[in-house]
Amino acid sequence: MLAFCVRVEGSLSMGEDRSMADAPRARHCSIQHRSGSGEVASSIDQLAGLLNELDADDPEHPDVWISDNDAGYGVSAFAGSRGLVIWEDHDEVRGPLHMVGYSRAKMLDLFTMVLQGRAAEVDSLPWIPGYGN
């Protein structure tokens, strides 16, 4: 998983551009589309569009993901009715973790947490060991 993030410190005042994750202290995180292409994540709307890709029938490319290299992890969301999300540590210290039953709205909330640098909040979720096979 090749990705990068750059921390953006400070806060935005009313009327300033909120495109960077639509929140203060956003990060520049990378996302991976189902097609395999990647780009820098810049807004919550972009994340919603990314997750909408899961509507297409494409068993060869079942997931999309967001990566935060500063915190050292990435989160994948999978197509299908299971609502599967997977957390992976870039250094493979904790191994893969997963949750099921995630709606598209919950997936967007999770991806937004990653984009906004809320690693402790992501880490505190009820992850289960393994890939959820």
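User: Hi! How do helix 1 and helix 2 pack, and at what angle?

Analyst: Helix 1 (residues 44-52) and helix 2 (residues 104-115) pack at an angle of about 135°, and their axes are 10 Å apart. This is a predicted model, where local features need pLDDT of at least 70 and side-chain atom pairs count only at pLDDT 80 or more, while totals for chains, interfaces and linings use all residues. Residues are numbered from 1 along each chain as its sequence is written, and side-chain values use heavy atoms, with hydrogens and water left out.

User: What do you mean by helix and axis here?

Analyst: Helices (H or I, at least four residues) and strands (E, at least two) are DSSP runs, numbered from the N terminus. Axes are lines fitted to C-alpha atoms, for helices over the stretch in contact, and angles run from 0 to 180 degrees between N-to-C directions.

User: Which word describes how helix 1 and helix 2 lie to each other?

Analyst: Helix 1 and helix 2 are oblique to each other. Angles under 35 degrees count as roughly parallel, over 145 as roughly antiparallel, 65 to 115 as roughly perpendicular, and the rest as oblique.

User: Is the crossing left-handed or right-handed?

Analyst: The crossing of helix 1 and helix 2 is right-handed. That term applies if the near helix is turned clockwise from the far one by less than a right angle, and left-handed if anticlockwise.

User: Which residues make the contact?

Analyst: Helix 1 brings Ile44, Leu47, Ala48, Leu50, Leu51 and Asn52, and helix 2 brings Arg104, Met107, Leu108, Phe111, Thr112 and Leu115. Contact means heavy atoms within 4.5 Å. The residues of this contact divide into nine nonpolar, two polar and one charged. For these groups, Ala, Val, Leu, Ile, Met, Phe, Trp, Tyr, Cys and Pro count as nonpolar, Asp, Glu, Lys and Arg as charged, and the others, Gly among them, as polar.

User: Staying in helix 1, is Gln46 buried or exposed?

Analyst: Gln46, which is found in helix 1, counts as buried at 17% relative accessibility. Buried means under 20% relative accessible area, exposed over 50%, and partly exposed in between (1.4 Å probe, protein chains only).

User: And what does the side chain of Gln46 reach?

Analyst: It reaches the backbone oxygen of Val40 at 3.3 Å. A polar atom of the Gln46 side chain also lies 2.5 Å from the backbone nitrogen of Ser42. Both are polar contacts, meaning a pair of N or O atoms within 3.5 Å; within protein, one must be able to donate a hydrogen and the other to accept it, and residues adjacent in sequence count only if both atoms are side-chain atoms. Leaving aside neighbours within four places in sequence, Gln46 is in contact with Ile31, Glu39, Val40 and Ala41.

User: New topic: where is Gln32?

Analyst: Gln32 lies in strand 2 (residues 27-32), and at 19% relative accessibility Gln32 counts as buried. Its side chain reaches the backbone oxygen of Gly36 at 2.3 Å. Gln32 and Leu50 are 18 residues apart along the chain, with 8.3 Å between their C-alpha atoms.

User: What about Ser37, where does it lie?

Analyst: Ser37 lies in the loop between strand 2 and strand 3 (38-41). At 38% relative accessibility, Ser37 counts as partly exposed. The side chain of Ser37 makes a polar contact with the side chain of Ser35 (3.2 Å).

User: Which side chain makes a polar contact with Arg94?

Analyst: That is the side chain of Asp123, at 2.3 Å. Arg94 sits in the loop between strand 6 (85-89) and strand 7 (97-99) and is partly exposed, with a relative accessible area of 42%.

User: Last one: how many helices and strands does the protein chain have?

Analyst: The protein chain has three helices and eight strands. Buried residues make up 40% of its 133 residues.
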